[in-house]
Amino acid sequence: MAERTRDLLRWAFLAAAAVLLVVFLVAQRQSVDVSYGQSPSRPGIEEGSAGELSTATVPSVEEMTAMVADDEVVRLPGSIATWDERAVRDAIGDADVRVLVAPPGLDEAERDRVNDVGNATVTIVGTHVTGDGYAAAADRTSEWRAQFATGDVTHLLLSLVAAIRDQPTPDAPDTVTWREPTAAEVDAVAADLAADGLHVATGATLERAPESPAFPDGDALYAALPRQEAGAPVPRYGPALTARFPDRPVVVLYGDWVEYDGPHAAQFADVAAASLYGQLGERLGKYSYPQRAVLGAWLDRVTDIRYAGLFDRPLPYVPFDPLRVALPALPWLFGACVAVFLVLSARSARGRADRPGPAAPGRLARLTALAIEVSGLTDGRSDPALTRGIGALRAAGDALAEHLPDAHVRSLLDTAEAEFDEVARHLGRPDYRPRAYTGGGAW
């Protein structure tokens with residue numbers, strides 16, 4: 001009876017070891033993909049449908065060529081770009097650089113005529129600056145603010161002239177200076193915001209306060225101002241309005257430039273500005289977008305940032321996975337089961353002196369231990385020889401449990417040994433060939 005109990009325990013531990021081996025191998029292929037929900041920001045606006053084209057026209061190519069030949073700087077009606085003339089003149093030096101300035105919002109045919117003026121060294125359409133095969137682009141907040149809030153392209157012209165003259169690009173100063181708005185100015189804006197959340201100054205084009213998931217509580221305040229005069233101090237309404245309306249988002253538009261003050265400003269305002277103007281700066285410079293389109297694009301960027309996990313958003317919920325927690329312990333549990341099996345097998349072998357040949361249970365345990373080691377080297381990839389070897393081990397275990405003839409058990413173990421030898425050959429690891437691993441010497 002004691003012998004039978006020992007056999008039952010022995011095979012139970014062997015079965016547990018086999019189960020642990022299978023679970024460990026299957027777990028190597030598991031993966032978890034956790035992400036936030038899809039951002040509800042709107043898709044891109046089709047070109048020509050956002051009101052970005054104006055009614056401005058330009059003269060013929062011949063007329064503009066004659067105008068540029070007569071004057072170093074030609075400003076066509078409706079042009080908005082300005083710059084520090086002294087700084088740009090100093091950068092040009094004695095070079096013959098001629099500048100043609102066109103209005104924003106031209107259609108493709110109008111832009112083609114401007115680009116066909118061959119004697120214009122530098123061409124400015126809106127605030128987009130090109131010339132001599134180069135296109136100047138801003139890459140920092142101060143430059144974008146100057147370009148889109150005041151139409152100042154000093155930094156772009158200095159960069160382009162330096163490239164044309166093959167000289168180092170000079171450092172461009174921040175040409176936008178702020179001033180504190182007067183109490184009367186703040187009162188006028190605050191009164192409108194308190195009434196319906198929107199203030200539109202004379203010359204601004206924003207018609208109504210937008211609805212956006214960027215601020216899902218719906219408590220954002222919007223103030224729209226026209227493009228500011230270049231070189232003149234710009235009233236900074238944000239801090240003054242946040243003092244009047246604490247803990248509420250305050251969005252102020254200066255022309256095509258969006259300023260944000262309020263909750264989480266330090267976390268996302270610069271990121272949203274860099275994302276929007278870094279990607280769309282060329283289009284915003286060329287065309288004459290209404291403020292609702294610019295503000296809508298900015299709100300979409302803020303929405304995307306919100307769904308990326310800013311605004312103190314909690315991390316996505318990861319459900320508890322018992323397998324992942326227990327996975328590091330599986331090899332140890334496997335080793336313990338194999339050790340118990342070996343101890344019980346040794347005792348059983350001593351009690352069965354009449355068993356011919358090497359003890360099948362011990363051989364099964366050693367091959368099982370070899371299986372777990374070589375399976376780790378395959379990194380969880382499917383290996384037909386390994387699969388066949390594990391199948392043969394399982395069959396040998398079942399045969400031993402059912403007390404089938406020793407010859408049948410040995411045949412199954414021989415099959416498993418041959419398969420594991422094939423695995424070792426594929427891995428290029430002779431030390432994992434069964435005879436070498438079990439101390440029987442090399443083939």
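Biologist: What percentage of the 443 residues in the protein chain is buried?

Modeller: This is a predicted model, where local features need pLDDT of at least 70, side-chain atom pairs count only at pLDDT 80 or more, and totals for chains, interfaces and linings use all residues. Residues are numbered from 1 along each chain as its sequence is written, and side-chain values use heavy atoms, without hydrogens and water. Buried means under 20% relative accessible area, exposed over 50%, partly exposed in between (1.4 Å probe, protein chains only). For the protein chain, the buried share is 42%.

Biologist: How many helices and strands does the protein chain have?

Modeller: Helices (H or I, at least four residues) and strands (E, at least two) are DSSP runs, numbered from the N terminus. The protein chain has eleven strands, and its helices number 16.

Biologist: Among contacts between residues at least 6 apart in sequence, what percentage joins residues at least 24 apart?

Modeller: Contact means heavy atoms within 4.5 Å. In the protein chain, the share of these contacts joining residues at least 24 apart is 71%.

Biologist: Why is strand β8 described as largely enclosed by the rest of the structure?

Modeller: Start with the faces of β8. Leu221, Ala223 and Leu225 on one side are buried, and so are Tyr222 and Ala224 on the other. Strand β8 (residues 221-225) is largely enclosed because the buried count is five of the five residues.

Biologist: Which strands pair with β8 in the parallel sense?

Modeller: Two strands pair if DSSP finds at least two bridges between them. Three bridges link β8 to strand β7 (residues 198-200), with Leu198 opposite Tyr222. Five bridges link β8 to strand β10 (residues 250-254); there Ala223 partners Val252 and Ala224 partners Leu253.

Biologist: Which residue in the hairpin of β10 and β11 takes a positive phi?

Modeller: β10 and strand β11 (residues 257-261) pair in the antiparallel sense over five bridges. Tyr254 has Trp257 of β11 as its bridge partner. Two residues lie between the strands, and the positive phi, near 65°, belongs to Gly255.

Biologist: Are the faces of β10 covered or open?

Modeller: Five of the five residues of β10 are buried. On one side these are Val250, Val252 and Tyr254; on the other, Val251 and Leu253. Both faces are covered.

Biologist: Which strands stand at the edges of the open sheet of five strands?

Modeller: The order is β1-β2-β3-β4-β5, with mixed pairing. Each edge strand has a single partner strand, so one side of each is left without a neighbour in the sheet; the edges are β1 (73-75) and β5 (134-136).

Biologist: In β2, what is the bridge partner of Val74?

Modeller: β1 runs parallel to strand β2 (residues 99-102), and three bridges join them. The partner of Val74 is Leu100.

Biologist: Are helices α13 and α14 roughly parallel or roughly antiparallel to each other?

Modeller: Axes are lines fitted to C-alpha atoms, for helices over the stretch in contact, and angles run from 0 to 180 degrees between N-to-C directions. Helix α13 (residues 360-377) and helix α14 (residues 384-401) pack at about 155°, with axes 10 Å apart. Angles under 35 degrees count as roughly parallel, over 145 as roughly antiparallel, 65 to 115 as roughly perpendicular and the rest as oblique. The helices are therefore roughly antiparallel.

Biologist: Which residues of α14 do the α13 residues meet?

Modeller: The α13 side includes Leu364, Leu367, Ala371 and Val374.
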